[in-house]
Amino acid sequence: MAFLNDHYLKLKAGYLFPEIGRRVREFTEANPQAKVIRLGIGDVTQPLAPAVIDAFHKAVDDLTRPDSFMGYGPEQGYEFLINTLIEKAYKPLGVSLKSSEIFISDGSKCDCANILDIFALNNRVAICDPVYPVYNDTNVMVGRTGEADDKGYYKGLVYLPCTEENGFAPAIPQEKVDIVYLCYPNNPTGAVASREVLQQWVDYALANETVLFFDAAYEAFITEPGIPRSIYELPGAEQCAIEFRSFSKTAGFTGVRCGLTVVPEGLLARTGDGETVALNTLWNRRQSTKFNGVSYPVQKAAAAVYSDEGWAQVQETIAYYMENARLIREGLQDAGLTVYGGINAPYIWLKAPGGMTSWDFFDKLLSECHVVGTPGSGFGPSGEGFYRLSAFGDRDNVIEAVKRIRKNLA
Ligand SMILES: *Cc1c(COP(=O)(O)O)cnc(C)c1O
């Protein structure tokens, strides 16, 4: 019999969303008349922008004719999309990238996970708590950790608590770590990092030869001026950071699948013998070997996000979600709840009242308001006592959910 990867058995079995699903199913079976509103899972609800759909259709039609048919594309992505990103997504931020530094992929969840392929196991890795669970679990899978302790912290990882006390901004580690995952705007807390805070991370990284993994999946939701949308807006970041971006939340591509990873050519890491090598070379080799590119119509659809028409339409949808966020945030604040986020991110991070646990508050909102969110403790021990509401729902549901919660708490 073959041997399996033992590290997988260290993962906690009861994953967050199946457990939510189980409780909601139990409730709806017992209360078939209840109209349950789901503001839990971070998936979008609004359709693709018309300009994106047009480009998607046209690209599919290209495949019907021999002269415009496309087979395998470059593993790194088509130049038309990479150049669009350089010009439209990065240049306006004052960031200049080379086409060899951008890698198109089928989404940033995969990239955040796959990037570990090119790093040695003996790296010290720091992760925020609470956190997007992918960062933690993929480190467990590759074998960088021991078992989890009672709290859920895995031996061998460095956890950076993001709490109400520190404004959900983790302190820079006292010790030297080799890799730090940062996610801004943050899922789940909705927090953002100012230029000053990000510069401190970049300075720390340069001083300690640390690589920052910067997940910018929600950069499009920033509404306040002056907050960086890319880590490369900070001087020095091109020598210490990898950035992950996605069309998923920005343009409703959660089902279509397209993302990108930036690995600057000036970003170096050490071999076991102490020599320095560019990570860009390794990532390019990794992608060329294990990945065969994103489909041509999807990349055409993604490029259309940055057309004048597409951009205006996408901004409208983002504004729709952010108005939902405002309604949730202000509605719950008026009801006396303590709420965070929802200004530069589509997530509202709310403090369970009266010292309730995250799951107790989940059960209360489900049974009394028929509203489903996500228990904060599911994102890490420091999320205990918090609860995440997503602004990706449709407007009527958001209004109704806020009304029910307010009535219940009044
Ligand atoms: C949704 C999300 C992503 C994007 O994942 P895709 O695979 O591109 O759909 C990445 N990071 C975080 C923190 C997210 O919430």
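## Y153 and Y159

Y153 is buried, at 15% relative accessibility. Buried means under 20% relative accessible area, exposed over 50% and partly exposed in between, with a 1.4 Å probe and protein chains only. Y159 is buried as well, at 16%.

This is a predicted model: local features need pLDDT of at least 70, side-chain atom pairs count only at pLDDT 80 or more, and totals for chains, interfaces and linings use all residues. Residues are numbered from 1 along each chain as its sequence is written, and side-chain values use heavy atoms, with hydrogens and water left out.

## Aromatic pairs

A search of the whole structure finds 25 aromatic pairs. One of them joins Y78 and F80. Their centres are 5.3 Å apart, with 10 degrees between the planes, and the pair is stacked. Rings of Phe, Tyr and Trp (its six-membered ring) pair if their centres lie within 6.5 Å; planes under 30 degrees apart count as stacked, over 60 as edge-to-face and the rest as tilted.

Y78 is buried, with a relative accessible area of 10%. F80 is partly exposed, at 25%. The rings of Y153 and Y159 have centres 4.4 Å apart and planes at 40 degrees, so this pair is tilted.

## An aromatic cluster

One aromatic cluster is formed by F119, Y132, Y135, Y181, F213 and F244.

## Charges over rings

F80 also has a charge over its ring: the charged end of K300 sits 4.2 Å from the ring centre. The term requires NZ of Lys or CZ of Arg within 6 Å of the ring centre and within 35 degrees of the ring normal. R395 places its charged end over the ring of Y320, 4.5 Å from the centre.
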